[in-house]
Amino acid sequence: MATNENISSSVLNRLIKEVKDYTKQPVSDVTLQVNEENVTDLRAEISGPAETPFHGGVFKIKLVFGPDFPSAPPKGFFITPIFHPNIAKNGEICVNTLKKDWKSDCKLGHILMVVRCLLIEPNPESALNEEAGRLFMEDYESYFQRAQLMTKIHATRESAPTEKNIESIGGEKPSSISTAGKKEEKKKDDKKRSLKRL
């Protein structure tokens, strides 16, 4: 297993234990993805909570653990674009648990739960995305619509790779995508036939 050379064995052991503990007691709607090449670069997928503009979306995040962990918190980033007061345009997450309220005994499960809770209850007073924070406070309906639109564009299954993209990266075609592809091919064949008749 390749790892970050700056990371001590005690940090690695702590992270491995955290991951094992998490698999026994995962947070609902949060799937952890461990990078076998580098355990200090943890990824997760969070399902958008109901009754929020993020519902129906799946958001990829990453937690980056530095050599000072657990004395210093990991850095959290949303990989999936999102319109949210506490998430910067570059994806950086602003939440007290990963800043001034960090405690060295804070567990991975708690970190992921806090990030998921942020989707339910943003804190517009400490906004990293000022536009989202302002809209949240002044015109919640516009904020909701904008956040919902971003979710539909970037985080829903419809925004997943198309059949063509999957072939170009050499992946297997999921059955739902290949079925859609067959329908498209049939439409093209029907069109060719009708053109031949003309």
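**Stop 1: an aromatic cluster.** Select Phe83, Phe136, Tyr140, Tyr143 and Phe144: in this predicted model, these residues form one aromatic cluster. Keep Tyr140 and Tyr143 highlighted. Both belong to helix α4, which covers residues 140-154, and they sit three residues apart, about one turn of the helix.

Tyr143 has a relative accessible area of 1%, so it counts as buried, the cut-off being under 20%.

**Stop 2: aromatic pairs.** Across the whole structure, a search finds nine aromatic pairs. Now pick Phe65 and Phe69. Their pair is edge-to-face, with 80° between the planes and 4.8 Å centre to centre. Both Phe65 and Phe69 are buried. If you wonder about the two numbers, a pair of aromatic rings is described by the distance of the centres and the angle of the planes.

**Stop 3: charges over rings.** The charged end of Arg146 sits over the Phe83 ring, 4.3 Å from its centre. Next, show Lys62 together with Phe77: Lys62 lies over the face of Phe77, 5.8 Å from the ring centre.

**Stop 4: the sheet.** Switch to a cartoon view and look for four strands. They form an open sheet in the order β1-β2-β3-β4, with antiparallel pairing. Which strands stand at the edges? They are β1 (30-33) and β4 (75-78); each has a single partner strand, so one side of each is left without a neighbour in the sheet. On average, neighbouring strands here are turned by 25° against each other, direction ignored.

Zoom in on β3, residues 58-64, and β4. These two strands run antiparallel and are joined by four bridges. To see a pair of bridge partners, select Ile61 and then Phe78 in β4. As background, strands of a sheet pair through backbone hydrogen bonds, either parallel or antiparallel.

**Stop 5: a loop residue.** Finally, select Thr52, found in the loop between β2 (41-47) and β3. Is Thr52 buried or exposed? Thr52 is buried, with a relative accessible area of 7%. What does Thr52 touch, leaving aside its neighbours within four places in sequence? Thr52 is in contact with Leu119, Ile120 and Phe144.

Definitions and conventions. Residues are numbered from 1 along each chain as its sequence is written. This is a predicted model: local features need pLDDT of at least 70, side-chain atom pairs count only at pLDDT 80 or more; totals for chains, interfaces and linings use all residues. Side-chain values use heavy atoms; hydrogens and water are left out. Rings of Phe, Tyr and Trp (its six-membered ring) pair if their centres lie within 6.5 Å; planes under 30 degrees apart count as stacked, over 60 as edge-to-face and the rest as tilted. Buried means under 20% relative accessible area, exposed over 50%, partly exposed in between (1.4 Å probe, protein chains only). A charge sits over a ring if NZ of Lys or CZ of Arg is within 6 Å of the ring centre and within 35 degrees of the ring normal. Two strands pair if DSSP finds at least two bridges between them. Axes are lines fitted to C-alpha atoms, for helices over the stretch in contact, and angles run from 0 to 180 degrees between N-to-C directions. Contact means heavy atoms within 4.5 Å.
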